[in-house]
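Trainee: I would like to learn how to read a model like this one. Could you take me through it feature by feature?

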Amino acid sequence: MVLAGHAAGDLVAELDLPAFGQHSEGDVVFERMSREAPHRFPGMRQEPQSMRLAGGTAALIRALMRDLPAGSLHFEARVARMRLTGNGVELSVHRTDGRRETVRATQVIAAAPPRILAAAVQFDPAPEPQTLRRWQDTPTWMAPHAKVFAIYDRPFWREAGLSGTAQSMVGPLVEIHDATTASGRAALFGFVGIGAQQRARLGQDELLAACVEQLARIFGPEAAHPRATLYKDWAADPLTATTHDLFSAGHPDGSGGEWTPGPWQERLTLAGSETSPREAGYLAGAVEASRRAADVVAKRLAAVPAEMSRG
Ligand SMILES: Cc1cc2nc3c(=O)[nH]c(=O)nc-3n(C[C@H](O)[C@H](O)[C@H](O)COP(=O)(O)OP(=O)(O)OC[C@H]3O[C@@H](n4cnc5c(N)ncnc54)[C@H](O)[C@@H]3O)c2cc1C
């Protein structure tokens, strides 16, 4: 993940997290057709340079978790239902170990894509039809995509004067970059250019084998022997993508006013990146939307006498 947008950069600076520039020195490779050898071109300097977080995006999550009161995070827990009560919201939580529990709150912030809320959470009462339609029509940026990582002992492509950046019209990977970590663990990653349904039909093993073969075509025979490969298909993740996301969608538009008008207005605030008026869909949008949601909820709580805020 590369960091783009001021809000993301500002948060990284605020949390004092080390970031480093995306490696882009060296030639880039373009694979135009299967019957032609890949072409090599001098790379262009990136302006502004894309930045990556040392430790990956998870470092940001870990830093945000640090100051939360103990016990406030519940992992492996899915909100299946939200019900408005006289003085708040009752959330039905399904745990992956099969346990069910009810959580009561006066204010709820849903930091998830609106499309997922519409598909995965049952609301009582249901949001107004036009609100629900807006949630369903808001694409979750990048949700239809899948990434492949190949991990190596050393970044041998750099030694050959290659940046690790490649574009391909042959596939299966269409865009490849150097993914070597800040600590020097060498890796390449690429976006799979095959649609979600075809990926599911092909299966992970066949797809990975074709990707590694392509890496060897582009970066040479050493690329045929990664130490390990990683595959993540977001379209297959039910808390990221819905059936609407199986096909490539446009970029979300977070502007356009209130996301929870009607019965839920005073109790539920959306904070998914897609709901941000700026940088919607990006990590920066998630930061903006969360800050805005926290402000809204803090003001509401400040306006309510303490004894009434206990749901
Ligand atoms: C392949 C890919 C590449 C990307 N590359 C970039 C990039 O280079 N730069 C960039 O800025 N952004 C990138 N993004 C986008 C970035 O990941 C998102 O903008 C960001 O993750 C949005 O954060 P969020 O908190 O709004 O939602 P999410 O990160 O989607 O988090 C929502 C969380 O809520 C959970 N959840 C959902 N429903 C429920 C429920 N009912 N109950 C409990 N939990 C639930 C989900 O499991 C998830 O953990 C990329 C995204 C993808 C998929």
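**Strands, helices and a ligand shell**

Mentor: Let's start with a pair of strands: strand 12 (residues 173-178) and strand 13 pair in the antiparallel sense over 5 bridges. Strands pair here if DSSP finds at least two bridges between them. Helices (H or I, at least four residues) and strands (E, at least two) are DSSP runs, numbered from the N terminus. Keep in mind that this is a predicted model, where local features need pLDDT of at least 70 and side-chain atom pairs count only at pLDDT 80 or more, while totals for chains, interfaces and linings use all residues. Residues are numbered from 1 along each chain as its sequence is written.

Trainee: Which residue is the bridge partner of Leu173 in strand 13?

Mentor: In general, strands of a sheet pair through backbone hydrogen bonds, either parallel or antiparallel. Here, Leu173 has Val192 as its bridge partner.

Trainee: Why is strand 13 largely enclosed by the rest of the structure?

Mentor: A residue is buried if 20 or more other C-beta atoms lie within 10 Å of its own, exposed if 12 or fewer, and partly exposed in between, with C-beta atoms placed from the backbone. Strand 13 (residues 186-192) is largely enclosed because 5 of its 7 residues are buried.

Trainee: In what order do the strands of the open sheet run?

Mentor: The order is 7-6-5-9, with mixed pairing among the 4 strands. Strand 7 (100-105) and strand 9 (122-124) are the edges, each pairing on one side only. Within this sheet, strand 5 (residues 77-85) and strand 6 (residues 88-95) run antiparallel and are joined by 8 bridges; Met82 stands opposite Leu91 in strand 6.

Trainee: Now a helix, please. Which residues of helix 1 are buried?

Mentor: The general idea is that an α-helix has 3.6 residues a turn, so residues three or four places apart point the same way. In helix 1 (residues 6-14), the buried ones are Ala7, Ala8, Leu11 and Val12. They lie on the same side of helix 1 because they cover an arc of only 135 degrees around the axis (the arc of the directions from the helix axis to the C-beta atoms). On the other side, His6, Ala13 and Glu14 are exposed.

Trainee: Where is Asp16, and is it buried or exposed?

Mentor: Asp16 sits in the loop between helix 1 and strand 1. Asp16 counts as exposed because it has 7 C-beta neighbours inside 10 Å. Its phi is positive, about 60 degrees, although Asp16 is not a glycine.

Trainee: Which residues come nearest to the ligand?

Mentor: A residue is near a molecule if its C-beta atom, placed from the backbone, lies within 6 Å of it. Of the 27 residues around the ligand, Met142, Leu239, Tyr282, Leu283 and Ala286 come nearest. Helix 8 gives the largest share of the shell, 4 residues. Met142 lies in the loop between helix 4 and strand 10, and it counts as buried because it has 20 C-beta neighbours inside 10 Å.

Trainee: Where is the cis peptide bond that involves Pro125?

Mentor: That cis bond runs from Asp124 to Pro125, with omega near 5 degrees. Pro125 is in the loop between strand 9 and helix 4 (129-137).
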